[in-house]
Amino acid sequence: MGAAILTHQNFGHGAPAAGATKTAAAPPPEVVDLPPPVRRPAPLVERYGDDIAGFFRGAIPVVFGIALFITVWAIVSQSSTLPGPLKTWYSAVEVFSDPFYRKGPNDQGIGWNILNSLGRVGIGFGLAALIGIPLGFMIGRFRFLSGMAAPIVSLLRPVSPLAWLPIGLLVFKAANPAAIWVIFISSIWPMIINTAAGVREVPQDYLNVAKVLNLSEWKVFTRILFPAVLPFMLTGIRLAIGVAWLVIVAAEMLTGGVGIGFWVWDEWNNLNVEHIIIAIFTVGIVGLLLEQALMLIARRFEYR
Amino acid sequence: MEKFVSVEQANMSFKTKGGSFVALQDINVSIREGEFVTLIGHSGCGKSTLLNMVAGLLQPTSGVLLCAGREIAGPGPDRGVVFQNHSLLPWLTCAENVYLAVERVFGAGETKAQLKARTLKALDLVQLTHAADKRPNEISGGMKQRVGIARALSMEPKVLLLDEPFGALDALTRAHLQDELLKIVAKTGSTVLMVTHDVDEAVLLSDRIVMMTNGPAATVGDIVAVGLARPRERMALVKDARYHELRGRVLEFLYQKQLRPAA
């Protein structure tokens, strides 16, 4: 490290000296005798040193955290019927070695379970976005609608999503649409609320621009409202997908069918606790990936 | 035309918790075609309110405002506004910001290519063709303000309304933009109404300076005609005795007749 810095400094001193003599009117001949500066690539440590150090500074606490978690888990499993980390790991390798098998309606690979759950979340969440976002825009734009919606939203939003399941079963008379209905109702609130808040927060300056340019309602929407609200909308979507993924496990436990929630319940009935732990981790990892993907999209729409 | 823009007996009051607040009272101002008029006064005297009334963003409580013989009923593209804080849309490039205005005014009768040519012409007028594809957050404050001016000019407005356009800029950039504005106005022959609190800026740029008394119930205190010949040169004016006399008159009004009690 020390040597690397020294060579770097030598280059630093050599280069301007050569440049200065070039610009001088009469370059003295002894300048020619100077050894030409050799451009060696900087040592790896110098080029990536900061990155590597930064990575380790970030990674070390994470590694310690996970290690501590696994240790506590291992200790607890010693003195109870809870399967330990190693046993769970071997079971996970087995489960994930064949994720897409099908042996009848109640015994399918974990891949199918995840995909089915994601499918339900996708449909329920998509419908909620389709209805919630335009609704949010209207509530944010028109004070009267906001007054109309406020009591309903604040009354229904705190209700546990699962309380809507019987209503879904009653109306749709089938388990699958009822589960989708629960996802829909639980993920629509954050989208309505955040979109409406975003519309209300559009800076007055931009609306003044719209006024002095006399823009049409459509132009105001596409050029000013929509881009200004987009970051708020994405926050709503992110919150909604979090809730939706949270709720699907519980909903599927009650409705059955293929899905990660049903799988948890099924494995509980089989007393296969390793699989339950695997399911918990799988749900966590998929949720994390969904969140990260949406964060990536949201970051693309940051302007300031 | 003698009175291209005119404000006749205009009053403006706002409703507040403590009742009605009279901001402007008995305002009478007229602007000739091609004239550069500045509104100057201490902060809070309602000069921006008056400009917003001409822009159509505010309606007077009583009185009449006319532009080119027609009553001002609301905002319109015949009056181009440049805001103090540039108000460019951050998700559009400079060219797109200008294009939005161009499209609104000329979109019905012209092809896309013609509209684009207008956009580039407006950016060229403020010497920013090189920044056409940049977003507002990628350019300096002075450049943003120039895009704002280009956007207002691109609509070929009858009147250009400038609301402290250089107030947020540093002194050097401000001087540079004032010189640019002088050249642009000389080239386009625009009718301009500008709000400022900078005495030098007012004398340098205007044909007439409308000096406003302190609020509440602010009104036009006095009007100074700036008889300095155009084109004006900042450096030449520094040595001009008449420049200093005019400057002195405005300063006298602001700091002796209308001195604020420790604002």
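## Helix H3 of chain B

Gln127(B), with a positive phi near 60°, follows H3(B); helices here are DSSP runs of H or I of at least four residues, numbered from the N terminus. This is a predicted model, in which local features need pLDDT of at least 70 and side-chain atom pairs count only at pLDDT 80 or more, whereas totals for chains, interfaces and linings use all residues. Residues are numbered from 1 along each chain as its sequence is written, and chains are lettered from A and ligands numbered from 1 in the order in which they are written.

H3(B) spans residues 112-125, 14 residues in total, and its first and last C-alpha atoms are 20 Å apart, close to the 20 Å expected at 1.5 Å a residue (1.5 Å times one less than the number of residues).

## Buried and exposed faces

Arg118(B), Thr119(B), Ala122(B) and Leu123(B) are the buried residues of H3(B) (20 or more other C-beta atoms within 10 Å of the residue's own, with C-beta atoms placed from the backbone; exposed means 12 or fewer, and partly exposed in between). Viewed down the helix axis, these buried residues fall within an arc of 135°, so they line one face of H3(B); the arc is taken over directions from the axis to the C-beta atoms. Ala113(B) and Asp124(B), on the other side, are exposed.

Helix H2 (94-106) and helix H4 (141-154) of chain B are among the elements covering the buried residues of H3(B).

## Contact between the chains

The contact involves 14 residues from chain A and 16 residues from chain B (C-beta atoms, placed from the backbone, within 7 Å). On the side of chain A that touches chain B, H8(A) gives the largest share, 7 residues.

## Confidence

The model scores ipTM 0.82 and pTM 0.73. Chain B averages a pLDDT of 89, and 98% of its residues score at least 70; pLDDT is the predictor's confidence in each residue, from 0 to 100.

Conventions:
Helix = DSSP H or I, 4+ residues; strand = E, 2+ residues; numbered from the N terminus. Contact = placed C-beta atoms within 7 Å.
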